[in-house]
Amino acid sequence: MRPTRRMPARWKDKQPPGFQRGFLLIMAVVLIVIAALLLTVMMFLGVTGTESSASHSRSGQALFIAESGLERGARTLLSPVPAERVDCTDVTGDVNLTNIAFGDGRFTLTGGTTFYPNNANNTLRANIGVADAIIPLNDLTGFAPMGGRVLIDRETIDYSGVSSAVAVCGGAGLTPCLTGAQRGRDGTVAATHASGTRVGQFQCNLQSQGGVPDMAGASSKRTLRTGVQIQEAWAVGNLGGTATNENLNAIHCTSSSNCWAVADNGVIVYWNGSAWTQDPFVAAENLNGVYCADAANCIAVGDPGGAAAQRPYTLRLSSGAWNAQNNTALSINQPLNGIFCFAGGTCWAVGDPDNAVNERPLILYWNGANWTRNNSNLNINRALNGVTCTAANNCWAVGDAGTGATERPLILWWDGANWQRRNSSLNVNQNLNAVHCFDANNCMAVGDNGVSYFWNGANWTARNTGTGENLNGVWCMAVNSCFAVGDNGTLLQWSGGANWAAVTSGTTENLNAINCTSASDCFAVGDNGTVLRWNGTSWSSTVTPALLRWNGTIWSDASGLLAAGINRDLRSVTVLSYTDGWVVGETGGNAVAPCPNNRARIGRWNASSWACDASSPSNRNLNSVSGVSYNDAWAVGAGGSIVRWNGAAWNEQNATQAITGRELHAVHALGATEVWVTGRDENQGGRTCANNTAIVLRWNGAWSCQNTGAARRRYRAMFMYPDGTDAGTQPDDGWIVGDRAGDNFSIFRWNNPVANQWNNQSFLDATNRERLNSVTMLDTDGNGLGDDGWAVGQLRNNNLTILRWNRPCAGGAATGAWAVCSFNPGTAALRQNLNAVSCVHDRDCWAVGNNGLILHWDGAAWAVHTQSGGMPGALTTANLNSLSILGPKTRPQAAWSEIFP
């Protein structure tokens, strides 16, 4: 065995010098490598951290930019200046909302169609309490699925989503549902709501995409979405629909979408196939007749005026504009009553003779350039009322009978050369007012006391109308087919034979003229702007109570949403949500089922139409309505009428006149046991309020008089705040306004400064003082007291009467007093009484008045809205009596959510 070699002893203690140097070199290299690696790692981590921080910063910027886009979108949808607003459908692609630079990046907004559920089953499936976060519905159709905002009665509720899952909704009988409900939003109070209550929504879904540095090459991009609550408002008023309340005297149509009608005081209105508008031209005199050779060429005739130098008054429509013609060459000062024009543009016009014995019936001929008289051969001094032709050599004119017992109606025939009398066979002494021919052998003439005569090509023979009313107009659509119209809504149809048949017209206004373009399309016009239309089966009115609807962007004529039976002036409107509201109005006959005859008209909004309520119990006009909830509402009116809706029917609360027999003008219902009413001062004694005192009534389960401190006046309007810190004993704040007293405005405030009485806020203004018709208050600081408000009233010295509480007219710090903000709108048509005012918030208020006047307050000034009566293209010239607005008061929506890729 080979022995183990041992290391020499001297090698144990030290190594060779070369070996040590090599080892140190290796170690140095290792350390250098490690240091390099550590440096590389540290540099990598530093760069990565920097990039991560930058990326995080860009992401935060993009988020902020996207949020800013949502804010811009909400403001655009709800701008205090109506002209700046954009409809939800127009958001996408709007130049002010697309690729907009903001900070270090840009944003783009997109919109779409609005959510407005109008299904009859958009109702609560079960009762809900004040804390319930799940809202069970009978039908989710139409609601925004990604969340948003709904209105139930007076409560605003935000929700995060929808579900049909039993586990989510809380049970098999509670599906489908809205989830994540946040109650009592936007200044409202959470409340209980009964099963069956309608649930409303009007919402625009916005999507905002923010990118840094831009949208095309964004290094960071965030996308947010939200639902924005949209405004809706309703205004109601008197009967309207022809853009005038003047008596309409004549109409002529060239087609079903092109009609002209003329009226008293020179008013001219036009039918475009869907709506009537008033023409900007207003003639100097009453207009009695109109006829169009074609759609672009018409002539109207009327009264000449009282001056001796006046001539027969004629207007001509040419190149789209009406202008008075120069008739100075005609030496006669008498009215023209009727006109007929041929397709080539020549016309005949007829009218009254002069009072001189030797004067002749007024007959004028238009040759396309000039009017000339053509009656020299007639030796009779009678008025002619109507004229019609079937050919250039075959015309008929009819007029008044003489004063003698044997006199006959005046009938003249034109043979192409002369006018001849053709009335020897008529054995009646009645005026004839109108004549129309279908062809040369089929003509009908009608007149006073129901007389009617038919021309068969050889003779005029009587036809029995069955009425003693004056007949003013007639039109024949075919052989043996004519309509006639007359006083007190008389409407007759002739289908051949000896007799006319009566037709229900639905109006008691005098009907003055009729015109047909076919057997299935006719218009009849009459007093107070009345227009009826025949569709081949039945007659219906194109004149309905004024009903205007604001969709957040524009006002529109919504009278087509009214049930046919709601055919009276409307006095008041209130809406609780987008799917629940009431209108009330005047009583009267000619009701259409289910409206009861001779009962005040009451209609209810169901998100798609205003339906007539069959239970209306009052035979008095109703002036004001206020809703508490879906199953509770109040209305008041003439003769002390107080009616209440209990969820099933309206019931009279004051049938025996025990409360008051005086006219009540305003009701404000704050809750089921907190209702306030005011009206005309008491003068009958033995009522709830003492004789010769103001009427201010309060209902808290029983009626009491609460007129302490209120002067004996007629109060037209009131606004009350709900109970606050006093725990239900009395409302904290309230206002009543009404008829002036001498040179004082009449304004009284409840509880301030002295509790439990009305405190006098009236003030002297000899220049502007006038009756106040409406008052509204805002609680901008949430303390239960009105700190910003408006009152409006009757026109004074050409100024619209407007007062503001606690602020200067153009805004600013509180003043603790009323300021007069009245102003002259500039033209006579816009100088009108103001009847109602209402606000969404302090920078968004509306006021309405007579002649279709609409004003808007944008936080800086009141301005006449472009769709007002008196403006070109006005929606209506009917008097507007009431206004009710829905919309967000502070933020239009509380929450947004993010969309991830």
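User: Hi! Which order do the four strands of the open sheet come in?

Analyst: Hello! In this predicted model, the order is β46-β47-β48-β49, and the pairing is antiparallel.

User: Which strands sit at the edges?

Analyst: The edge strands are β46, residues 622-629, and β49, residues 650-652. Each of these pairs on one side only.

User: And what does the twist average from one strand to the next?

Analyst: The average is 20°.

User: How many bridges are there between β46 and β47?

Analyst: There are six bridges, and the two strands pair in the antiparallel sense. Strand β47 covers residues 632-637.

User: Nice. Where do side chains point in a regular strand?

Analyst: As a general rule, they alternate between the two faces of the sheet.

User: Let's change topic. Is strand β17 mostly covered or mostly open?

Analyst: Strand β17, residues 297-302, is mostly covered, with five of its six residues buried.

User: What does β17 form with β16?

Analyst: β16 and β17 make a hairpin, with two residues between them. The two strands run antiparallel and are joined by six bridges. Strand β16 spans residues 287-294, and its residue D294 stands opposite N297 in β17.

User: How many bridges join β17 to β18?

Analyst: Five bridges join them, and this pair runs antiparallel too. Strand β18 is made of residues 313-318. Here you can look for C298, which has L317 in β18 as its bridge partner.

User: OK, now G112. Where does G112 lie?

Analyst: You'll find G112 in the loop between β2, residues 105-110, and β3, residues 135-136.

User: Why does G112 count as partly exposed?

Analyst: Because its relative accessibility is 24%, which falls between the 20% limit for buried and the 50% limit for exposed.

User: Which residues is G112 in contact with, leaving aside the neighbours within four places in sequence?

Analyst: Those contacts are C88, T89 and N205.

User: And how far apart are G112 and W455?

Analyst: From C-alpha to C-alpha, G112 and W455 are 62 Å apart in space. Along the sequence, 343 residues separate the two.

User: Can we talk about pockets? What volume does the second largest pocket have?

Analyst: The second largest pocket has a volume of about 1,100 Å³. Its lining is made up of 50 residues. Nearest the centre of this pocket lie L239, S541, T542, V543 and T544.

User: Which elements give two or more residues to that lining?

Analyst: They are β11 (232-240), β15 (276-278), β39 (539-541) and β40 (544-550). The one that gives the most is β40, with five residues.

User: How many lining residues of that pocket are nonpolar, polar or charged?

Analyst: The lining of the second largest pocket has 26 polar residues, 19 nonpolar ones and five charged ones.

User: What about cavities, how many of 30 Å³ or more are there?

Analyst: The count comes to one. The largest cavity has a volume of about 40 Å³.

User: Which residues line the largest cavity?

Analyst: Its lining is R149, V150, L151, G200, Q201, F202, Q203, Q229 and Y578. Strand β4, residues 148-152, gives the most, with three residues.

User: And how do the lining residues of the largest cavity divide by class?

Analyst: Four are nonpolar, four are polar and one is charged.

User: Great, thanks!

Analyst: You're welcome!

Definitions and conventions. Residues numbered from 1 in each chain as written. Predicted model: local features only at pLDDT ≥ 70, side-chain atom pairs only at ≥ 80, totals over all residues. Heavy atoms only, no water. Pairing = 2+ DSSP bridges. Axes fitted to C-alpha atoms, helices over the stretch in contact; angles between N-to-C directions. Buried < 20%, exposed > 50% of the residue type's maximum accessible area, 1.4 Å probe, protein only. Contact = heavy atoms within 4.5 Å. 1 Å grid on protein atoms, 1.4 Å probe; cavity = no way out; pocket = protein on both sides within 12 Å on 5 of 7 lines; lining within 4 Å. Points joined across faces, edges and corners; volume = space filled by probe spheres on them. Nonpolar A, V, L, I, M, F, W, Y, C, P; charged D, E, K, R; others polar.
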